[in-house]
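This briefing goes through selected local features of one protein model. Please keep the sequence and the structure in view while reading.

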Amino acid sequence: MTPLWIAIALLLLPALWLLIAPMRDARALRDKLDHFEANDTADEQNVAIFKRRLASLEAAHERGDMDEERFKEDRLELERSLLEDTASRTKRPLKTATAGRLAIPLVMVAVVGASTFWYQQNGAEGDLTLYAIQQEVQNDPDGSLVIYLERMEAEAERQPNNPNVWSSLFPLYRETGQADKAADALERLIAIEGRIPPLLAQLAQLRFFMAERELTPEVQSLVDETLAQDPRQPTVLGLLGIHAFDNGDYETAVDHWRRAVANIEDPETASSLREGIRVAQERLGVEPEAAAVEAAQSQGVRVTVSLDEALMDNVSDDASVFITARDMQGELPPLAVIRAQVSELPMTVVLDDNAAMSPQAQISQVREARLVVRVSQSGQATPQPGDLFGELESVSVGPINEDDAANVVIDRVFE
C-alpha cells in the first residue's frame, strides 16, 4: 500500500502548488493596483465632461433653443449623472499582500483530507489489500491455504461490504470442507451483489450437495428463482440432471445436461457433463448402432465446420466454438446449439432436437434454418467484437443423412 499512497501524494502535489502559486505574485499585484489607483484620473475626466455638457446647455438656453423649464430638467439630469459616476467609484482600501495567507494551509489540508476520504469510500484500497495478501501467500514458501483463509477472514471483519472478500472466501470454505461457512459467505455476497442467477445457482448447488443430493424445499425455491431469471443457467441445469440421474430418470438427466453443455463456459465441466450423458445413454440401453439409426431417422441438419486458414493465427486452440441453428425469421430462441473448441476443427456435428435449449424452440419445428458458427475469444455466449464467425442461410431441415452435410466456413471477424 505504501507505493499507492506515495502515488496519491505525488498527484496531490500539483493541486497544492496551484493553491500556493498565486501567493508568490501577491505583493507585485498589490503594488500595481496601488499605482493604478494613485494615478486614476477617471473622476477628473467625469467632471470635465460634465462642465462641457453644462456649458453646451447654458449656451443653448441663452440662444433661446430651449425654455427655462427644459433647461432646468436637463441640468438636473446632468448633475444626477455626475453624482452616479463619482459615487460608484468609491474605493475601499486595498488589503495587504499577506492578507488571506492563513486560509491557504486550511484549504490545502481540506483538499488532502477530502481526497483521502473520497478514496477510502470509493477507491479500491480494499481490493488492493486482498491482492497484496494473495501475492504474499503465493510468494511465501511456507504459505498455506489455512494462512490465506485466516488472512481473508480478518479482511472480512475489516471490510464486510466488499464483495470481493466474500467471493474469495466462498471457494476457500468450500475447498476446506466448511460447507456451512461457504453458504454463509455466498449469502453475504448475494446480499451485496443482488439475487442474480449465477450466485443463486451456486447457492442452490451448494445446498443441494449439503442435503446429500436431495431437492429440498429450499433448494427447489432457489432453482425456481434462478430459472425464472435465466432458463439456460448451466449450473442449475447440471444440478437437475444429477437429481434426475440419481432417481433413474436418465432421459431427463440427458436433456438437462445437454442444455447445460450448450451454455457452459468451462471446458472441463462441459467434458464431465458429456461423460455423464454417455453413461446415462448406456443406462438407457442405447447402443451405438441404435443411436446411429435413431440419428438417421431424426429431423435436423448435419454440419461440417472449418476455419479459414487466413484466420488460424487469430485464435487459440482452446477458444470456444458455438455452432447454432436459428429460424429464418429470427423470432425464436436458438433452435440447437453445440459447443466445441477450435482444436477440434474441422469437425462434423448433428444439430437436432437433442441439442435444443428449450422444448418450445426445436429445429424439428422449422423446414429451413440459418446456421451461425462463432469462435468466442472470451468464451462468452454473447457475441463480442473480435470474434470470428461464419454463417449459411436457408439450410434444409430433414432426416439426417450421413452422406450429406452443410459446409460452414469461419471466415469473418465480428465488428
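E212 is found in the loop between α10 and α11. The model is predicted, and phi of E212 in it is near 60°. That is a positive value in a residue other than glycine. Most residues other than glycine have a negative phi.

**Backbone**

- The peptide bond that runs from L345 to P346 is cis, and its omega is near -5°.
- Most peptide bonds are trans.

**Helices α10 and α11**

- The crossing in which α10 passes α11 is left-handed.
- On the α10 side, the residues in contact are P197, L200, A201, L203, A204, R207 and F208.
- On the α11 side, they meet E218, V219, L222, V223, E225, T226 and Q229.
- Sorted by class, this contact of α10 with α11 has nine nonpolar, two polar and three charged residues.

**Helices α11 and α12**

- Helix α11 covers residues 217-229 and helix α12 covers residues 234-246.
- They pack at an angle of about 135°, and their axes are 10 Å apart.
- The angle does not count as roughly parallel, antiparallel or perpendicular, and α11 and α12 are therefore oblique to each other.
- The crossing of α11 and α12 is left-handed.
- V223, T226 and L227 are the residues of α11 that meet V236, L239 and L240 in α12.
- By class, the contact of α11 with α12 has five nonpolar residues, one polar residue and no charged residues.
- V223 and T226 of α11 are listed in the contact with α12 and also in the contact with α10.

**Helices α8 and α9**

- Helix α8 (residues 163-175) and helix α9 (residues 179-193) have axes that come within 8 Å and cross at roughly 160°.
- α8 and α9 are therefore roughly antiparallel to each other.
- Their crossing is left-handed.
- From α8, the contact is made by P163, W166, S167, L169, F170, Y173 and R174.
- From α9, the contact is made by K181, A182, A185, L186, R188, L189, I192 and E193.
- By class, the contact of α8 with α9 has ten nonpolar residues, one polar residue and four charged residues.

**The second largest pocket**

- The volume of the second largest pocket is about 600 Å³.
- Of the 26 residues that line this pocket, P234, T235, I264, T269 and L273 are the closest to its centre.
- Which helices each supply at least two residues of the lining? These are α10 (197-210), α12 and α14 (267-283).
- α12 gives the most to the lining of the second largest pocket, with five residues.
- By class, the lining has ten nonpolar, eleven polar and five charged residues.

Conventions: Residues numbered from 1 in each chain as written. Predicted model: local features only at pLDDT ≥ 70, side-chain atom pairs only at ≥ 80, totals over all residues. Heavy atoms only, no water. Axes fitted to C-alpha atoms, helices over the stretch in contact; angles between N-to-C directions. Helix = DSSP H or I, 4+ residues; strand = E, 2+ residues; numbered from the N terminus. Parallel < 35°, antiparallel > 145°, perpendicular 65-115°, else oblique. Left-handed = near helix turned anticlockwise from the far one by under 90°. Contact = heavy atoms within 4.5 Å. Nonpolar A, V, L, I, M, F, W, Y, C, P; charged D, E, K, R; others polar. 1 Å grid on protein atoms, 1.4 Å probe; cavity = no way out; pocket = protein on both sides within 12 Å on 5 of 7 lines; lining within 4 Å. Points joined across faces, edges and corners; volume = space filled by probe spheres on them.
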